[in-house]
Amino acid sequence: MSEISTRDATRDSARDGARDNARESALSVAAISSERSESDDNVWTRRLVLFLRVMALLSILKGLYHWAQVTGFVGGEDEAFENQSMAWQAATVYFAVIELVAAVGLWLATPWGAVVWLTTVVSMAVIELMFPGIYGGSLAVVGVEVFMLAAYLALAWMAARERPP
């Protein structure tokens with residue numbers, strides 16, 4: 001009886017060892033293939049995140065610029081915040097706050113960050129086009145905003161295509 005149980009134990013341990021070797025081999029192959037597919041398959045996602053981070057830095061700069069206008073760090077005495085129209089003041093405070101909120105969301109690559117950033121882009125374009133008396137109606141600003149919006153949409157579309165539903 002002990003001879004049979006010893007043979008069974010030896011056979012079970014050999015079978016477990018072979019199973020463990022096969023599992024380790026499969027895991028190492030899976031790790032290699034997942035690293036390769038991650039580097040090859042997520043190219044557009046990485047580009048999108050890089051774009052979002054660059055837009056976050058630009059949003060920080062724009063938000064700080066608007067705060068500098070509010071606090072009087074930029075501009076002369078004629079261009080002081082309290083000497084501007086109520087529409088200009090409201091728009092400047094709006095962009096001072098929303099640009100920094102968008103920057104945080106963009107840096108974290110969250111969906112709400114992209115939504116807030118898209119809101120700032122569309123808001124700036126609308127103010128420049130529809131209310132030229134506030135910031136001067138610069139078509140160059142509108143062109144840059146439209147270009148950034150198109151770049152985001154193209155990158156988001158390409159990133160979504162590389163991930164199956």
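Hi everyone, let me start with an arginine: the charged end of Arg47 sits over the ring of Trp44, 4.5 Å from the ring centre. There is another case like that, with Arg53 lying over the face of Trp107 at 4.6 Å from the ring centre. Please keep in mind that this is a predicted model.

Now, the core. The largest nonpolar core holds 23 residues, and the members that touch the most others are Leu48, Phe51, Met55, Leu106, Trp117 and Tyr152. Helix H2 (43-71), helix H3 (86-107), helix H4 (111-130) and helix H6 (139-161) are the elements that each give two or more residues to this core.

I'd like to stay with Trp117 for a moment. What does Trp117 touch, leaving aside its neighbours within four places in sequence? The contacts are Phe51, Met55, Ser59, Ala102, Leu106, Met148, Leu149 and Tyr152.

The model has six aromatic pairs.

Tyr152, like Trp117, is buried.

Elsewhere, ring pairs join Phe81, Trp88, Tyr94, Phe95 and Tyr135 into a cluster.

Two of those names, Trp88 and Phe95, are among the buried residues of H3, and so are Gln89 and Glu99. Which elements do the buried residues of H3 pack against? They pack against H2, H4 and helix H5 (132-135). H3 itself has 22 residues and reaches 32 Å from first C-alpha to last, close to the 32 Å expected at 1.5 Å a residue. Just after H3, Ala109 takes a positive phi of about 55°.

Last, a look at the record. An unreviewed UniProt entry annotates residues 48-68, 88-108, 115-135 and 141-160 as "transmembrane region". In the model, residues 88-108 are 95% helix, with end C-alpha atoms 30 Å apart. Residues 115-135 are also 95% helix, and the end C-alpha atoms of that span lie 23 Å apart.

That's my tour, and I'm happy to go back to any of it.

Terms used
Residues numbered from 1 in each chain as written. Predicted model: local features only at pLDDT ≥ 70, side-chain atom pairs only at ≥ 80, totals over all residues. Heavy atoms only, no water. Core = buried A, V, L, I, M, F, W, Y, C linked by side-chain atoms within 4.5 Å. Buried < 20%, exposed > 50% of the residue type's maximum accessible area, 1.4 Å probe, protein only. Helix = DSSP H or I, 4+ residues; strand = E, 2+ residues; numbered from the N terminus. Contact = heavy atoms within 4.5 Å. UniProt positions renumbered as here; feature names shortened; annotations may be inferred. Expected span 1.5 Å × (residues − 1). Phe/Tyr/Trp six-rings, centres within 6.5 Å; stacked < 30°, edge-to-face > 60°. Lys NZ or Arg CZ within 6 Å of the ring centre and 35° of its normal.
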